[in-house]
Amino acid sequence: MTLQFNDETFRGDYSYYNTDRAIRRFPFPFDRDDYMYSVNIEPHPGGPEGSVFEHRFDVDEHYVSEMRDRAITLDEDPLRCQSLPHMELAGWDLLEIIMVSKSEDYPDLFALHRDGNRWHWINRPLGIEQRFTFLDPTTLPCGPMEYITRQTQGDFALLDEREGNLWMDAGMVTSQADWSLDFDVGMNFFEWHAPVPKAKRLGVFDRALKFLLAMRQGQEYRRLNWTMTVNPRLDTSPENYHKWGPEKRTVTPENVGRKQHLRVELQTFWRLPRSNAIAFPIRCYLACLEDICTQPKWGRRLHRVLRDIDPALAEYKGFAVNQKVIVDYLAQFDDGAPTSAGIFPDR
Amino acid sequence: MSRQMLLEVAAVERLTPLVTRFRFEHPQKKALPIFSGGAHVVVEMPDGDLLRRNSYSLISDPNDPSGYEIAVRREDVGRGGSRYMHTRVAVGDRMRVSVPANLFALDIRARKHVLIAGGIGITPFLAQLHQIDFLQQPFELRYAARTREEAAGLALLPKSGRIHVHISSEGNRMDLGEILTGQPLGTHVYVCGPTGLIAAVTDAAARHGWPKSVIHSEAFTSPPPGMPFAVMLAKSGRRIEVGAHQSLLEALEAANVELDWSCRGGACGRCETGVISCKGQIEHNDHWLSRDERAGQKKIMPCMSRFTGDELVLDL
């Protein structure tokens, strides 16, 4: 089935929407009725057919509109894309992995022809055709990381490994949950995670770092993370807090079902072959509460999770101010029945 | 644990009486994953009841997907892995080889790379030289060996004015002070070889005021043999015997105890295991635990460490 791309916006009139198919394949992040941090890492890909886990880089109905939104954000603030000089090789690694994966996984949308280092890339949804020399940056209109991530949904951090740590030395970040590449660039793993409450005490980051450092190429992993966003806005950066922060106050019992969105990040981890860096793609999915509650299991479970969550996490995840309205709304979908294990909706 | 490929031994070449080069290729000539300089693979050797897994640095061009090459020094007093490679492996054999991992990568922010190799420690630098050449970065290689015969890397090194060979039997020993003096700011130093050489470079660098973060080392060692010992597993109540030429990790694997691992050389930290009770002395041979952690005897690295004493109970 050839994908149909939505014509939609992630700002202004917020015309973003999910079709029924997109709702059913939404990566609902809660596999039980309560939530606490865990290093919930599993191999990627390998999810069920049709799910967002099926392919190495998921391309869905939002692709073309998301790339248009990224271009707007970059136009307004070029610092959303940065690469320290030593990270260019990692950028080529990333470009290769994405081009190879997409052309193999979506042959009707993307094509890559390689003759040694002379490459020919075709991106049909965006109408791009590019001949270039692999590893020669002068043959692309911009650096390799910027070039490929302007054509790939989700944010990207490229992490250099040295001194037994990981350093965020390059990235393309325009759909972030309230963090800033410009602020974090050059920081190490513990520095950029410093704002996360409780996790340090639980030892989550020590274990996660150890895991990542031992990761080999060809062993891709993934995890889901989540937060809450008012309106389907991709660019919820600290730089633009003045634009989206006040929107938190526009939630009412009447509009919460349409306005309040669950924001899920499908995070994947890749060891890059030439540079030994780690690529950290963070793909963002948005669904409003109304859409989520079309799946009875999810409505029931989301009510319990958000009702009982640790107050510090409600604060950190950005919805403490609206927690009561959200939980009151979700209560109507909780009939008290037990929920099944796992994240997928009941059939 | 790591993903593996079943590869064919495509060439076996004796470089010196003690060092042999092995080339692995895909049986259907498929491309192997490219890698970065300094990476190693874990090679599996099914030796009777024992499954040996040794890590070896890749010496071939990281950008060449047609094959992987390693150079193995025969250690006759070792546990038998290198002897297996030298006496049992022939062209046409198929062996399980892991995908590459790198615990000794170049820091490509460096203004210059100074590579210091002792003996078989030349191996990771052979692939790094390809990468440095590809990146067009300044470098200097210092290769020390006792005798010319021991310097197996000589046959594999390119001719270059930036490559200096120090053969102590010929009277041109390496002078670390001279090497470290006068390097441009932003130089990184990499050392691989016997622990004595690594310590000497680390100490000399500290004396010359070099920051620790620009000194990189890899002592890629196999677990040393020793006296047999036994451990108790707290969760299952089992008692595991470890043979003289077996590592604790190998003994646990032979007993079907699942344990995570990556490098099997005491460097990556993946197999770290808690110690519940220790009446005796853990012989820490790893490079992972800190001095305090070693003294505390609350953690052990099963890939490298041994034990002498009355009782060792592990959190397994």
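This is a predicted model: local features need pLDDT of at least 70, side-chain atom pairs count only at pLDDT 80 or more; totals for chains, interfaces and linings use all residues.
Local features need pLDDT of at least 70 and side-chain atom pairs count only at pLDDT 80 or more, while totals for chains, interfaces and linings use all residues; side-chain values use heavy atoms, with hydrogens and water left out. Residues are numbered from 1 along each chain as its sequence is written, and chains are lettered from A and ligands numbered from 1 in the order in which they are written.

In chain A, seven strands make up an open antiparallel sheet, in the order E1-E8-E9-E10-E6-E7-E2. Helices (H or I, at least four residues) and strands (E, at least two) are DSSP runs, numbered from the N terminus, and two strands pair if DSSP finds at least two bridges between them. E1 and E2 of chain A are the edge strands, each pairing on one side only. Within the sheet, E8(A) and strand E9 (residues 260-271) of chain A run antiparallel and are joined by 10 bridges. A:Trp226 has A:Val264 in E9(A) as its bridge partner. Strands of a sheet pair through backbone hydrogen bonds, either parallel or antiparallel.

A:Ser51 sits in the loop between strand E1 (42-43) and helix H2 (63-76) of chain A. A:Ser51 counts as buried because its relative accessibility is 7%; buried means under 20% relative accessible area, exposed over 50%, and partly exposed in between (1.4 Å probe, protein chains only). Leaving out residues up to four places away in sequence, A:Ser51 touches A:Arg25 and A:Phe344, where contact means heavy atoms within 4.5 Å. A polar atom of the A:Ser51 side chain lies 2.7 Å from the backbone oxygen of A:Pro48. A:Phe183, by contrast, belongs to helix H5 (residues 181-184) of chain A and is exposed, with a relative accessible area of 60%. A:Phe183 and A:Glu239 are 56 residues apart in sequence, and their C-alpha atoms are 9.9 Å apart in space.

In chain B, helix H1 (residues 81-88) has the buried residues B:Gly81, B:Ser82, B:Tyr84, B:Met85 and B:His86. These are covered by parts of chain B that include strand E2 (19-25), strand E3 (39-47), strand E4 (50-57), strand E5 (68-73) and strand E6 (94-98). E5(B) is itself mostly covered, with five of its six residues buried. Six bridges pair E5(B) with E2(B) in the antiparallel sense, and B:Ile70 in E5(B) stands opposite B:Phe22.

Salt bridges are the next topic. Side chains of opposite charge can pair when their charged atoms come close. A salt bridge is a side-chain nitrogen of Lys or Arg within 4 Å of a carboxyl oxygen of Asp or Glu, and by this rule the count over all chains comes to 56. One of them joins the side chains of A:Arg80 and A:Asp235 (3.0 Å, N to O). The pair links distant parts of the chain, 155 residues apart: A:Arg80 is in the loop between H2 and strand E2 (81-83) of chain A, and A:Asp235 in the loop between strand E8 (221-230) and helix H8 (241-244) of chain A. A:Arg80 and A:Asp235 are both buried.

In chain B, B:Arg88 and B:Asp47 meet through their side chains in a salt bridge (3.1 Å, N to O). B:Arg88 lies in helix H1 and B:Asp47 in strand E3 of chain B, so the pair ties together parts that are 41 residues apart in sequence. B:Arg88 is partly exposed, at a relative accessible area of 45%.

Finally, the two chains meet where 18 residues of chain A are in contact with 29 residues of chain B. The area buried between them is about 2,000 Å², of which carbon and sulfur atoms give 52%; buried area is the accessible area (1.4 Å probe) that two parts lose on being put together, summed over both. A:Lys210, A:Arg216 and A:Gln217 supply 33% of the area that chain A buries against chain B, more than any other three residues. There are zero salt bridges between chain A and chain B.

Notes
A polar contact is a pair of N or O atoms within 3.5 Å; within protein, one must be able to donate a hydrogen and the other to accept it, and residues adjacent in sequence count only if both atoms are side-chain atoms.
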